Amino acid sequence: MAAFLELESRAAGAGAGLCLGNFVFGCELTGSTRSYTFKVDEDDDSEHILALSMVCLTDGAKDECNVVEVVGRDRQNQEIAVPVANLKLSCQPALSLDNFQLQPPVTFHLKSGSGPVHLSGRHHIMHRRALSEEEESEEEEEEELTPIMPAKKQRRRQ
């Protein structure tokens, strides 16, 4: 189960042509749903980043070790699996991941334990938007401005 809610969408400056969307992300891993894959459409030319902020045990969790593993890609585009949390109800029921950034596709596995474990964070989307003719003309006008030269020092007459 995953949830996405739009937090904000805005233009990041007329000249940049870059739109930014932030969405809340959440998924839950349980004994019956042991993995979740976060992926985006391959035809989408936008840049997507998943920033994880929290992993926590939720209502109904047993006092057992729940190990959550992230499977993604490294710089050489090789698949890599990394355990990111080992949660136990009696000693560490939650862990802050401080906006741990991942690029999709990424899969979350409940390697051990029965959960339920909830992962939450933000899904950032950055993409180019087409500039309107008005914005293009404004951008050209800004480029045609002459630079301001520093003032010359004048000597005082004595």
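The backbone nitrogen of S114 sits 3.2 Å from a polar atom in the side chain of N66. A polar contact here is a pair of N or O atoms within 3.5 Å; within protein, one must be able to donate a hydrogen and the other to accept it, and residues adjacent in sequence count only if both atoms are side-chain atoms. The N66 side chain also reaches the backbone nitrogen of G115, at 2.8 Å.

Before going on, the ground rules. This is a predicted model, where local features need pLDDT of at least 70 and side-chain atom pairs count only at pLDDT 80 or more, while totals for chains, interfaces and linings use all residues. Residues are numbered from 1 along each chain as its sequence is written, and side-chain values use heavy atoms, with hydrogens and water left out.

Back to N66. Is N66 buried or exposed? N66 counts as buried because its relative accessibility is 0%; buried means under 20% relative accessible area, exposed over 50%, and partly exposed in between, with a 1.4 Å probe and protein chains only. Leaving out residues up to four places away in sequence, N66 touches L57, A85, N86, L87, L110, S112, G113, S114, G115 and V117. Contact means heavy atoms within 4.5 Å.

Now the strands. N66 is found in β5, residues 66–73. Helices (H or I, at least four residues) and strands (E, at least two) are DSSP runs numbered from the N terminus. β5 pairs with β8 in the antiparallel sense over 5 bridges, and V67 has S112 of β8 as its bridge partner. Two strands pair if DSSP finds at least two bridges between them. Strand β8, residues 106–112, also pairs with β3, residues 35–38, again antiparallel, over 4 bridges. There, Y36 is bridged to F108.

For the whole protein, the count is 1 helix and 9 strands, and the order from the N terminus is β-β-β-β-β-β-β-β-β-α. Of the 158 residues, 30% are buried. Among contacts between residues at least 6 apart in sequence, 74% join residues at least 24 apart.

Last, confidence. pLDDT is the predictor's confidence in each residue, from 0 to 100. The protein's mean is 81, with 71% of residues at 70 or more. Confidence is highest in β8, at 96, and lowest in strand β1, residues 2–11, at a mean of 44. Over residues 3–15 the pLDDT is below 50, and this stretch has 34 contacts in the model beyond near neighbours in sequence. Where pLDDT is low, the predicted coordinates should not be read in detail.
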